[in-house]
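Could you take a look at this one with me? I've jotted down a few points to read alongside the picture.

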Amino acid sequence: MLLRYLLYGLLIYFVFRFIFRFVIPVTRAARDMKSKMNEFQTRMQEQQQQQAAAQRPQPVKEPLTPKEGDYIEFEEVK
């Protein structure tokens, strides 16, 4: 009877030891790696968007001169 409790106790000890020394650190490392990969992907997407925006041709601004047929009449205010 005492031997059975001792074996159950040792089994529980080794199960907890396995969980806390192997399973939990592995899950933490996997979660950290996943978050770092997500950060890396977002940074890469931002850089690609910035590069795409830089490569787009900028619209050419026309000078502010009236075109033929457009006439604006001025009156001098004194």
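Here are my notes, point by point.

1. First, keep in mind that this is a predicted model.

2. H1 covers residues 2–55, which makes 54 residues. From its first C-alpha to its last it reaches 78 Å, close to the 80 Å expected at 1.5 Å a residue. Have a look at Ile19 too: H1 bends there by about 35°.

3. How much of the protein chain counts as buried? Of its 78 residues, 0% do. The accessible surface of the protein chain comes to about 8,700 Å², and carbon and sulfur atoms account for 61% of that.

4. Now for the rings. The structure holds three aromatic pairs. Phe16 and Phe20 form an aromatic pair with 6.2 Å centre to centre and 15° between the planes. That pair counts as stacked because its planes are under 30 degrees apart.

5. Where do these two sit? Both Phe16 and Phe20 lie in helix H1, four residues apart, or about one turn of the helix.

6. Buried or exposed? Phe20 counts as exposed because its relative accessibility is 53%, and the cut-off is over 50%. Phe16, at 47%, counts as partly exposed.

Notes
Residues are numbered from 1 along each chain as its sequence is written. This is a predicted model: local features need pLDDT of at least 70, side-chain atom pairs count only at pLDDT 80 or more; totals for chains, interfaces and linings use all residues. Side-chain values use heavy atoms; hydrogens and water are left out. Helices (H or I, at least four residues) and strands (E, at least two) are DSSP runs, numbered from the N terminus. The expected span of a helix is 1.5 Å times one less than its number of residues. The bend at a residue is the angle between axes fitted to the seven residues ending there and the seven starting there. Buried means under 20% relative accessible area, exposed over 50%, partly exposed in between (1.4 Å probe, protein chains only). Accessible areas come from the Shrake-Rupley method with a 1.4 Å probe; for residues, only the protein chains shown count as cover. Rings of Phe, Tyr and Trp (its six-membered ring) pair if their centres lie within 6.5 Å; planes under 30 degrees apart count as stacked, over 60 as edge-to-face and the rest as tilted.
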